[in-house]
Amino acid sequence: MIETIKDMLTRRSIRKFKPEIPPQETIDSIIEAGLYAASGKNTQLTKIIAVTNRELRDRISESNRVIGGYAEGFDPFYGAPVILIVVAAKEWRNRVYDGSLVMGNLMLAAHALGIASCWIHRAKEEFETEEYAGLLRDLGIEGEWEGIGHCALGYADQEPKILPRKENRVYYVK
């Protein structure tokens, strides 16, 4: 079986991570794969914010927890030491689609390199706040951006659950 397809069939979300940060070279390879995701009209109107700073990572986790309505002390990033945040230009009508393709590439590349991942929501709500708009400005990112998702990355501290695929999801018209 072609390795790319094998990776697509075997990647699963992980919800328990070890605290060790993967090597920067590995993180950079994952990011590069995200940057090569398809985009409408090849506009490439997405950005990736790579967070390995523990203090910022924990601050984002706490904001995400509050937005999600989770109990105090819960980590919606499941202990992942690396968070890749995908944002897309707000004025671009295909922003969610293009950003979702970036997220998919990030997760598949991570899996291919032996790194676990999980898509975490609520980036949209975070980047609607002044705090996170300010973070973008601090990074030198101008304009209006919508949060698409967080790609939590790290080494798995659990075995993935492999559930069977549901039936009756494909219909052929010949």
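User: Which residue in E4 is the bridge partner of Cys118?

Analyst: In E4, Cys118 has Ala152 as its bridge partner. Please keep in mind that this is a predicted model, in which local features need pLDDT of at least 70 and side-chain atom pairs count only at pLDDT 80 or more, while totals for chains, interfaces and linings use all residues. Residues are numbered from 1 along each chain as its sequence is written, and side-chain values use heavy atoms, with hydrogens and water left out.

User: What are E3 and E4, and in which sense do they pair, parallel or antiparallel?

Analyst: The E labels are strands (E, at least two residues) and the H labels are helices (H or I, at least four residues), both being DSSP runs numbered from the N terminus. E3 and E4 pair in the antiparallel sense over 5 bridges, where pairing requires that DSSP finds at least two bridges between the strands.

User: Is E3 enclosed or open, and why?

Analyst: E3 is largely enclosed by the rest of the structure, because 4 of its 5 residues are buried. Buried means under 20% relative accessible area, exposed means over 50%, and partly exposed lies in between, using a 1.4 Å probe and protein chains only.

User: Which residues touch the most other members in the largest nonpolar core?

Analyst: That core has 23 residues, and the ones touching the most other members are Ile49, Val51, Ile60, Ile83, Ile85 and Phe127. At least two residues each come from strand E1 (46-51), helix H3 (54-68), strand E2 (82-89), strand E3 (116-120), helix H6 (130-138) and strand E4 (145-154), and E2 gives the most, with 4 residues. A nonpolar core here is a set of buried Ala, Val, Leu, Ile, Met, Phe, Trp, Tyr and Cys residues joined through side-chain atoms within 4.5 Å.

User: What does Phe127 touch?

Analyst: Leaving aside neighbours within four places in sequence, Phe127 is in contact (heavy atoms within 4.5 Å) with Ile49, Ile85, Val87, Tyr132, Leu136, Trp145 and Gly147. Apart from this core lies another, of 18 residues, which includes Ile30, Val82, Met107 and Ile148.

User: Changing topic, how many salt bridges are there?

Analyst: The count comes to 9, a salt bridge being a side-chain nitrogen of Lys or Arg within 4 Å of a carboxyl oxygen of Asp or Glu.

User: Which residue does Glu62 pair with, and how far apart are they along the helix?

Analyst: Glu62 forms a salt bridge with Arg65, with the closest N and O atoms 2.7 Å apart. The two are 3 residues apart in helix H3, which means that about one helical turn separates them. Glu62 counts as partly exposed at 37% relative accessibility, whereas Arg65 counts as buried at 9%.

User: And which parts does the salt bridge of Arg95 and Glu146 tie together?

Analyst: Their side chains meet at 2.8 Å, N to O. Arg95 lies in helix H4 (residues 95-112) and Glu146 in strand E4, so the pair ties together parts that are 51 residues apart in sequence. Arg95 is partly exposed at 22% relative accessibility, while Glu146 is buried at 8%. Elsewhere, salt bridges that share partners join Arg54, Arg57, Asp58 and Asp75 into one network.

User: Last one: where is Pro81, and is it buried or exposed?

Analyst: Pro81 is found in the loop between H3 and E2, and it counts as buried at 3% relative accessibility. Not counting residues up to four places away in sequence, Pro81 touches several residues, among them Phe17, Val51, Arg57 and Leu153.
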